[in-house]
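Subject: Handover of the two-chain model

Dear colleague,

I am passing on the structure we spoke about, and below it you will find my notes on what was found. Please read the terms as they are defined where they come up.

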Amino acid sequence: MKYALYLGCAIPIKYPGFEAATRLVCERLGIELVDDLPFSCCPPPTGLKMVHYDSWLALAARNLCLAEEAGLDLLTLCSGCVNTLKEANQALKHSDAKRRRVNKILEAHNRKFNGAIEVTHILDVLYQDSVVDKLIKLMAREIPLRVGCHYGCHYFRPPQMMYPNELSEAESYVPVRMDHLLSIIGVEPTEYSRKFLCCGSPLGANVDTEAGYAIVAQKLHYIRQRNIQALSVICPSCFEQFDMGQIALSRKQKDLSKIPTFYLTQLIGLALGFSPKELGLDVHRVKAKRLLESIDVA
Amino acid sequence: MTIKIWKFFDREELYECYQCARCTGSCPAMEVTAALGPRGTILKCLNLGHEAVVQDEKVWFCCTCNVCDDRCPQQIPISDLLVALRNSAARRGNVPGRLLLSLELLAKTGRTMIVHQLDEMRAHHGLAPLPPAPVDEVRAILKRAGLEEVLDF
Ligand code: SF4
Ligand code: SF4
């Protein structure tokens, strides 16, 4: 099992701990990562796409071309990256006009979009049967925590774009894979009201930080109602909303209890026996130390 | 240069809208800002014309969460409408300042994020330095794709 690793911007630059955790987990589970490809920013569905679609498409196409040249499917670690790269891949495969336009731009750099690869996300890669079998065999400990999953809007919406083969009767898609995967490592995945509400990140980043935090504050309200002990995310922007967001919110409301947030591969890594430090947990703003000590993980 | 937005989004779709507000009812941006909201955006496009919509800074008050698109019983591709409207707004100089800054960074470095002491931070997690992105190729592609219509770089 081999993928072209697409790191994006936020993970290698802001949250390299997620990258470290992902590399350790993939190596242990026999997922080979090829990562010497000169990618650029994806670019984000919340940024360049909104401002200049043609530039967004052309730059995304270049990233797709690099994976095509290497003959590998593209593995992303972020809900934003997977959204851009899946949508661009699909748009270019299905529209002759768009493909022609983009290839004309890329031609000067000896690149051509052929539509030869697929784009995937680390959650979907880990969810494959052969990987789960390996995880069960290699598990070193259980992680018995009540965890609330947050998927990140761009990981699965619009569903017709992200999971066209798995639509419900209402042509929608409700993600469950993170909950299922975590239950394998002894986590108690815990439902909460408005689980699929946005984290507020794009609104905060582009327009109004406070408004973005007001959305995550709502989410946290529902999460606290269910006595959830920790959160699991698959996107660095969502992570920042929960981690930094709780620090910012607690400045105004001092008595708020804080809930640590994990990137998915950090939780899987703990189950595989890696230490919190190896998985980069030491730099999170909301510390998980005490919680992990309560289940004898140090 | 402005764009003809109805080339990117079929205007007839607007008439499919019930104005039922199923979209707006689950719009997170509406809960915390004075956003136009998806239903209101469609109504304004019909009543006032899209020119009025794209000049309004509130057209940017959105999480791009695509819930509206997902929930619309008429399957109106609202996400596409929002992209078309904002692309059009950007060509008229209506773009949030922060968003422009991140695009300037992209055009300058090939990435949309920058921190101090990156190598040290990565070394702390046992990671090698991050190779620079291929800025020259990225800039050339952005220029040929026409980004200069909205951003000097
Ligand atoms: S959900 Fe669809 S039909 Fe209802 S108001 Fe929104 S856009 Fe119109
Ligand atoms: S995409 Fe924007 S307009 Fe639509 S529901 Fe989300 S925040 Fe509201």
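In what follows, Ala, Val, Leu, Ile, Met, Phe, Trp, Tyr, Cys and Pro count as nonpolar, Asp, Glu, Lys and Arg count as charged, and the others, Gly among them, count as polar. On that basis the shell around ligand 1 consists of eleven nonpolar, two polar and two charged residues.

Before going further, please note that this is a predicted model, in which local features need pLDDT of at least 70 and side-chain atom pairs count only at pLDDT 80 or more, whereas totals for chains, interfaces and linings use all residues. Residues are numbered from 1 along each chain as its sequence is written, while chains are lettered from A and ligands numbered from 1 in the order in which they are written.

As to confidence, the model scores ipTM 0.96 and pTM 0.96. The mean pLDDT (the predictor's confidence in each residue, from 0 to 100) is 95 for chain B, where 99% of the residues reach 70 or more. Among the elements of chain B, the lowest mean pLDDT, 93, belongs to helix H4 (residues 50-54), and the highest, 98, to helix H9 (residues 135-145). Helices (H or I, at least four residues) and strands (E, at least two) are DSSP runs, numbered from the N terminus.

The ligands

A residue is taken to be near a molecule if its C-beta atom, placed from the backbone, lies within 6 Å of it. Around ligand 1 there are 15 such residues, of which Cys17(B), Cys20(B), Arg22(B), Cys23(B) and Cys72(B) come nearest. Helix H1 (22-25) and helix H3 (38-47) of chain B each supply at least two residues of this shell, and H3(B) has the largest share of it, with three residues.

The shell around ligand 2 is made up of Cys27(B), Pro28(B), Ala29(B), Pro38(B), Cys62(B), Cys63(B), Thr64(B), Cys65(B), Asn66(B), Val67(B) and Cys68(B). Two or more residues of that shell come from each of helix H2 (28-32) and helix H5 (67-71) of chain B. By class, the shell around ligand 2 has nine nonpolar and two polar residues, and no charged ones.

The interface between the chains

Two residues are in contact if their C-beta atoms, placed from the backbone, lie within 7 Å. The contact between the chains takes 49 residues from chain A and 51 residues from chain B. On the side of chain A that touches chain B, helices H1 (10-13), H2 (16-28), H3 (48-51), H4 (53-70), H12 (201-206) and H13 (209-225) of chain A give two or more residues, and H4(A) gives the most, with six residues. The residues of this side divide into 31 nonpolar, eleven polar and seven charged.

Chain A

The secondary structure of chain A comes to 16 helices and eight strands. Its radius of gyration, taken over C-alpha atoms, is 19 Å, which agrees with the value near 19 Å for a compact globule of 298 residues, the globule rule being 2.2 Å times the number of residues to the power 0.38. Buried residues (20 or more other C-beta atoms within 10 Å of their own, against 12 or fewer for exposed ones and in between for partly exposed ones, with C-beta atoms placed from the backbone) make up 55% of the 298 residues in chain A.

By an automatic or database domain assignment, chain A is divided into domain 1 (2-122) and domain 2 (139-294). Their centres, taken over C-alpha atoms, are separated by 24 Å, and 25 residues of domain 1 of chain A are in contact with 26 residues of domain 2 of chain A. On the domain 1 side, the largest share, nine residues, comes from H2(A).

Backbone points to check

Most residues other than glycine have a negative phi, and most peptide bonds are trans. A cis peptide bond joins Cys42(A) and Pro43(A), with omega about -15°, and Pro43(A) is found in the loop between strand S2 (32-34) and H3 of chain A. Another cis peptide bond joins Arg157(A) and Pro158(A), with omega about -5°. Glu171(A) has a positive phi, near 60°, and counts as exposed because it has 12 C-beta neighbours inside 10 Å. Phi of Gln19(B) is also positive, near 60°, and Gln19(B) lies in the segment before H1 of chain B.

With best wishes
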